[in-house]
Amino acid sequence: MNKQLVKTLLTTVAIMLALSSVAQASPEEDRQAFVKFFHDRFPNVKGDDWINGVYAIDSASRAQWEEIEDFPPYEIYVDEGKKLFETKFANGKSLADCFENGGIGIKQNYPYFDTKRGEVVTLELAINECREKNGEKPWGWKKGKLAAVSAYMAWTSRGKKTNVKIPNDPRALAAYEAGKKHFYSRRGQLNMACAHCHMHYSGNKLRADITSPALGHTTHFPVFRSKWGSLGTLHRRFGGCNKQVRAKPFKAQSEEYRNLEYFLTYMNNGLPINGPGARK
Amino acid sequence: MKKLIIALLLAVFLSPTAFAGTSAKDVQKVINEAETLRKEAAKLHYEWRDTKKQIKKAQALLKEGKVDKAMKVAKHARLEGQRAIEQAKRESTHYKDLMP
């Protein structure tokens, strides 16, 4: 091989390597592209109205929803959650003892990446772990008491801006990337990704529903859904959406869903918490 | 010639399964293959919603002696397993196509 050729080859390889490291966008660049996508697609949505889901883009159903919000169906759950939150454990401690600021006004910092444990910790996970640490039985993950307490904690955080951080730890970035991959991957027999329904076709009618933009997806959870007739957590919704495309859902609080929540909530950084919410 | 015809007739009557096409053993083999593929898809985090149900159904049909029906369901489950694995492999890079 002649020297010139070797030199050209080596330079090409070097350039390709450099380019491929550039091609991996940072989470912050991902988020900016994500936000821009929705601003371009729905130029009429003003300010933070994304937190109202499909009602931000569908004026027909918005009026009905605003009526519901006059007498919010989740109010009784917030009250129940407050009582449960303040009830002492058998050992005399309570949930407040496990959280920063006594658990008040902190939802915007969840989920977070715990660098000691090397995994994503969601608010619901932290609540149940607090109970177990204090000798109490954990609650069911998707509804009921856990959802009620989560609703109360969201309520005390209303208006605080979502503030999910990705610490400088390769495992945190890997968790974020795993969540991102779940969001953009085609799944199930229908071969559809979250990003199909909630990005590229968002605002289109799917049977009886218009699909909401993913921007704003996490701020109002847990949510009271008329269809459920009760409150449900974000992971309950993930499971439902996985099943819609005939993919096998993962368990609530599985690593898969915690990573998905980590990615999706990071995309919503800066949007105010408005949970609990009400939806169809 | 006569002997040959008799032999052929005997063969037909003595081995009905060979002519019905499907044996219980064949079905069990497909069910086992379907289950292996389903597990593989699950390991890759891409299992489909109904594959497990189909495998159970095939096994139940087989138990009832409904061999042909069982085979049909088992083959469908096996195909789902194969396609879920293909999907996992494809999406390991192609998920990026949908990013803004």
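Me: Is Asn101(A) buried or exposed in this predicted model?
Reply: Asn101(A) sits in the loop between helix 4 and strand 1 of chain A. Its phi is positive, about 55°, although Asn101(A) is not a glycine. The cut-off for exposed is over 50% relative accessible area. Asn101(A) has 58%, so it counts as exposed.

Me: And Asn191(A), what is its relative accessible area?
Reply: Here's another residue other than glycine with a positive phi, near 55°. Asn191(A) is in the loop between helix 7 and helix 8 (194–200) of chain A. Asn191(A) is classed as partly exposed, and its relative accessible area is 37%.

Me: Which residue takes a positive phi just after helix 9 of chain A?
Reply: Helix 9 covers residues 234–244 of chain A. Just after helix 9 comes a positive phi of about 60°, and the residue that takes it is Arg246(A).

Me: What covers the buried residues of helix 9 of chain A?
Reply: The buried residues are Leu234(A), His235(A), Arg236(A), Phe238(A), Gly239(A) and Asn242(A). One of them, Arg236(A), also lies over the face of Trp228(A), at 4.0 Å from the ring centre. As for the cover, it includes helix 7, strand 6 (230–232) and helix 10 (255–267) of chain A.

Me: Lys107(A) is buried, so which side chain of opposite charge is nearest, and how far away?
Reply: Lys107(A) is in the loop between helix 4 (75–86) and strand 1 (112–114) of chain A. A salt bridge needs the charged atoms within 4 Å. Lys107(A) has no salt bridge, and the nearest side chain of opposite charge is Glu124(A), 4.8 Å away.

Me: Then which backbone oxygen does the Lys107(A) side chain reach?
Reply: Look at the contacts beyond four places in sequence: Lys107(A) meets Leu123(A), Met153(A), Ala154(A), Ser157(A), Phe221(A) and Ile273(A). One of these supplies the backbone oxygen, at 3.2 Å from the Lys107(A) side chain: Phe221(A).

Me: Which residue does a cis peptide bond join to Phe221(A)?
Reply: The omega of this bond is about 0°.

Me: What is omega for the cis peptide bond from Gly275(A) to Pro276(A)?
Reply: Pro276(A) is in the loop between helix 10 and strand 7 (277–279) of chain A. The bond from Gly275(A) to Pro276(A) is cis, and its omega is near -10°.

Me: Is Arg131(A) buried or exposed?
Reply: Arg131(A) lies in helix 5 (residues 123–133) of chain A. Buried means under 20% relative accessible area. Arg131(A) comes in at 10%, so it is buried.

Me: Which backbone oxygen does the side chain of Arg131(A) reach?
Reply: Not counting residues up to four places away in sequence, Arg131(A) touches Phe89(A), Leu95(A), Glu136(A), Lys137(A), Pro138(A) and Trp139(A). The side chain of Arg131(A) gets to a backbone oxygen at 2.8 Å, and that oxygen belongs to Lys137(A).

Me: How many aromatic pairs are there over all chains?
Reply: Ring pairs link a cluster made of Phe34(A), Phe37(A), Phe38(A), Phe42(A), Trp50(A), Tyr176(A), Phe183(A), Tyr184(A), Phe263(A) and Tyr266(A). Rings pair if their centres lie within 6.5 Å. By that rule, the count over all chains is 19.

Me: Which ring face does Arg187(A) lie over?
Reply: This one goes from chain A to a ring in chain B. Arg187(A) is at 4.3 Å from the ring centre, and the ring belongs to Tyr46(B).

Me: How far apart in space are Asn168(A) and Gly203(A)?
Reply: Asn168(A) is in the loop between helix 6 (144–155) and helix 7 (170–184) of chain A, and it is exposed at 85% relative accessible area. In sequence, Asn168(A) and Gly203(A) are 35 residues apart. C-alpha to C-alpha, the distance is 36 Å.

Me: Stepping back, what percentage of chain A counts as buried?
Reply: Chain A has 10 helices and seven strands, and its C-alpha atoms fill a box of roughly 80 × 50 × 35 Å along the principal axes. Of the contacts in chain A with a separation of 6 or more, 70% are between residues 24 or more positions apart. Of its 280 residues, the share that counts as buried is 50%.

Key: Residues numbered from 1 in each chain as written. Chains lettered and ligands numbered in written order. Heavy atoms only, no water. Helix = DSSP H or I, 4+ residues; strand = E, 2+ residues; numbered from the N terminus. Buried < 20%, exposed > 50% of the residue type's maximum accessible area, 1.4 Å probe, protein only. Lys, Arg positive; Asp, Glu negative; His and termini not counted. Polar contact = N/O pair within 3.5 Å; in protein donor to acceptor, adjacent residues only side chain to side chain. Contact = heavy atoms within 4.5 Å. Phe/Tyr/Trp six-rings, centres within 6.5 Å; stacked < 30°, edge-to-face > 60°. Lys NZ or Arg CZ within 6 Å of the ring centre and 35° of its normal.
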